[in-house]
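Please look over the sequence and the structure shown here before reading on. The paragraphs after it are meant to be read side by side with the model.

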Amino acid sequence: DPSLPLPEQMASVVRDGRFVYNPYMLSQETLELMGNDFATFYCDFVDAFLNYESECPCPDEDFAEMLTTIIYFEFPLYDVCAESFEFVKHYDAAEKKVVIDYRYDQAGHQQKIDTFMAAANAFLATTSPEQSETELAKNIYHELCIRMTYDDSAMIEIQRKNAYYAYMEKSGVCVTFANVYNHLLTQVGIEATTAQCDYTETVGHVWSLVTIDGAKYFCDPTFELSFKDGTAYAYFCMTYDQRVADGLGADGITVGRYYPYAVYTGLISDAPFDFLN
């Protein structure tokens with residue numbers, strides 16, 4: 001219910017005039033799917049994780065069932081510091097709680113958190129609340145693209161697709177880069193989700209669908225890496241026609257992280273992006 005306030009922890013955080021990473025934040029897409037009560041639970045869950053607590057009350061079984069997927073998109077640090085959440089193993093229906101199994105002792109856990117926070121803040125270093133949505137989206141896109149390298153090993157070592165490795169090792173594949181870009185945009189209050197299609201007969205491709213001042217555009221950090229070492233904006237804020245002209249989407253494009261649906265030209269802005277506006 002957008003008329004109800006979200007938990008205070010979910011507000012963007014600004015320090016010294018710059019946005020900084022806030023682990024409590026959820027994307028608009030997740031909030032619309034899960035609702036206000038989930039937002040309250042999620043803040044308690046993140047609190048428990050940050051404070052090295054072994055369990056957290058979970059009032060709704062549906063929250064626990066969706067938690068694995070939501071962690072993947074919204075909380076990349078979790079699966080590195082704790083055993084991947086499994087509903088059957090980590091949800092206690094009788095006690096209505098979720099259990100967290102940590103991979104490190106408390107000192108090692110805190111070190112992982114601190115290191116990740118610093119890495120995430122590096123991508124937000126050129127953002128500020130005074131910037132427009134266009135400036136914020138461009139600045140984060142640039143900071144991401146100039147740092148990343150494509151990691152073929154992630155196609156085999158599935159865990160390396162996790163957004164965590166992009167933050168920490170500056171590497172990944174298309175789904176990694178799209179998830180990180182979306183994750184960072186959430187930190188500054190910009191709505192974003194994933195877009196995907198079959199690229200070849202055997203390989204798919206994933207990029208971002210970003211909403212800037214009410215208009216939706218495609219942004220593709222992966223393709224950007226191969227053009228001028230990621231320093232340009234050749235694949236930033238593309239229209240539907242521009243995306244299809246790249247040879248993608250001939251058999252259809254879907255958007256959405258949780259329940260993908262077919263996209264059509266009317267959903268995506270048909271006006272080329274005005275970089276001067």
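This is a predicted model: local features need pLDDT of at least 70, side-chain atom pairs count only at pLDDT 80 or more; totals for chains, interfaces and linings use all residues.

Residues are numbered from 1 along each chain as its sequence is written, and side-chain values use heavy atoms, with hydrogens and water left out.

We begin with helix α2, which covers residues 36-50; helices (H or I, at least four residues) and strands (E, at least two) are DSSP runs, numbered from the N terminus. Eleven of the 15 residues of α2 are buried, where buried means under 20% relative accessible area, exposed over 50%, and partly exposed in between, with a 1.4 Å probe and protein chains only. Among these buried residues are F38, F41, Y42, F45 and F49, and what covers the buried residues includes α1, β3, α3, α4, β5 and α6. Just after α2, Y52 takes a positive phi of about 65°.

Helix α2 lies across β3 and β5, running at about 160° to β3; axes are lines fitted to C-alpha atoms, for helices over the stretch in contact, and angles run from 0 to 180 degrees between N-to-C directions. Contact here means heavy atoms within 4.5 Å. The strands β3 and β5 belong to an open sheet of three strands, in the order β3-β5-β4, with antiparallel pairing. Because β3 and β4 stand at the edges with a single partner strand each, one side of each is left without a neighbour in the sheet. Two strands pair if DSSP finds at least two bridges between them, and two bridges join β4 to β5, with Y91 standing opposite V98 in β5.

Helix α7 (residues 133-145) has 13 residues and reaches 18 Å from its first C-alpha to its last, close to the 18 Å expected. The buried residues of α7, including L136, I140, Y141 and L144, pack against β2, α6, α9, β9, β10 and α10.

Two of those partners, β9 and β10, pair in the antiparallel sense over five bridges. Their hairpin has two residues between the strands, and D213 there takes a positive phi near 50°. The bridge partner of S208 is C219 in β10.

That brings us to the cysteines: how many disulfides does the structure hold? It holds zero disulfides, a disulfide being a pair of cysteine sulfur atoms within 2.5 Å. C219 is in no disulfide, as the nearest cysteine sulfur, that of C237, is 4.2 Å away, and C219 is buried, with a relative accessible area of 0%. The sulfur of C174 is 9.5 Å from the closest cysteine sulfur, in C197, which is too far for a bond; C174 also counts as buried, at 11% relative accessibility.

Finally, Q196 is found in strand β8, residues 192-198. Is Q196 buried or exposed? Q196 is buried, with a relative accessible area of 18%. Leaving aside neighbours within four places in sequence, the residues in contact with Q196 include H205, W207, T254 and P260.

Note on methods: The expected span of a helix is 1.5 Å times one less than its number of residues.
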